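Trainee: I have a model open and would like to go through it with you. Can we take it piece by piece?

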Amino acid sequence: MNTNKVVILGSIITIILLISIPTVYKVIKNHNDHLYKATYDKILNSAKNCFYDQNCPEEIITLKTLYEKNYLKPVSNPITKEYYNENSYVKRVNTTFQFYEVE
């Protein structure tokens, strides 16, 4: 009877782990993805505002330019908490904006 209880308890723990580990991983990954999206949106919106205010007519807008023209305060990576390199840039093609991180 004692080994039967051990097998049942081991099976219950295994089932709980098989369900909880992938769930926790997915929740953490989604949270990090949302943090990155929010940060990138903040940078892209600042670059768009600078472009549409006609203060940044060039195709490549660096973070340094956005900082100097007061469109953006220094931004850090939401996961590592390190500030993005000032040479990181937003590239504009017509009205499409894309952020590129330089390390």
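Trainee: Is Ser88 buried or exposed?

Mentor: Ser88 is buried, with a relative accessible area of 0%. Buried means under 20% relative accessible area, exposed over 50%, and partly exposed in between, with a 1.4 Å probe and protein chains only. This is a predicted model, where local features need pLDDT of at least 70, side-chain atom pairs count only at pLDDT 80 or more, and totals for chains, interfaces and linings use all residues. Residues are numbered from 1 along each chain as its sequence is written, and side-chain values use heavy atoms, with hydrogens and water left out.

Trainee: Where is Ser88 found, and what does it touch?

Mentor: Ser88 sits in the loop between helix 2 and strand 2 (89-93). Helices (H or I, at least four residues) and strands (E, at least two) are DSSP runs, numbered from the N terminus. Not counting residues up to four places away in sequence, Ser88 touches Ile61, Thr62, Leu63, Phe99, Tyr100, Glu101 and Val102. Contact means heavy atoms within 4.5 Å.

Trainee: How many bridges join strand 1 to strand 2?

Mentor: Three bridges join them, and the two strands run antiparallel. Ile60 stands opposite Lys91 in strand 2.

Trainee: On to the core. Which residues have the most contacts inside the largest nonpolar core?

Mentor: Ile43, Leu63, Leu66, Leu72, Val90 and Phe99, in a core of 17 residues. Helix 1 (2-52), helix 2 (63-68) and strand 3 (96-100) each supply at least two of its residues. The largest share, five residues, comes from helix 1. A nonpolar core is a set of buried Ala, Val, Leu, Ile, Met, Phe, Trp, Tyr and Cys residues joined through side-chain atoms within 4.5 Å.

Trainee: What is Leu72 in contact with?

Mentor: Leaving aside neighbours within four places in sequence, Leu72 contacts Lys42, Ile43, Ser46, Leu63, Leu66 and Tyr67.

Trainee: Changing topic, how many salt bridges are there?

Mentor: The count is two, where a salt bridge is a side-chain nitrogen of Lys or Arg within 4 Å of a carboxyl oxygen of Asp or Glu. Asp33 and Lys29 form one at 3.3 Å, N to O. Lys37 and Asp41 form one at 3.0 Å, N to O.

Trainee: How far apart in helix 1 are Asp33 and Lys29?

Mentor: They are four residues apart, so about one helical turn separates them. Lys37 and Asp41 are also in helix 1, four residues apart, about one turn of the helix.

Trainee: Are those side chains buried or partly exposed?

Mentor: Asp33 is partly exposed at 38% relative accessibility, and Lys29 is partly exposed at 41%. Asp41 is partly exposed at 31%.

Key: Two strands pair if DSSP finds at least two bridges between them.
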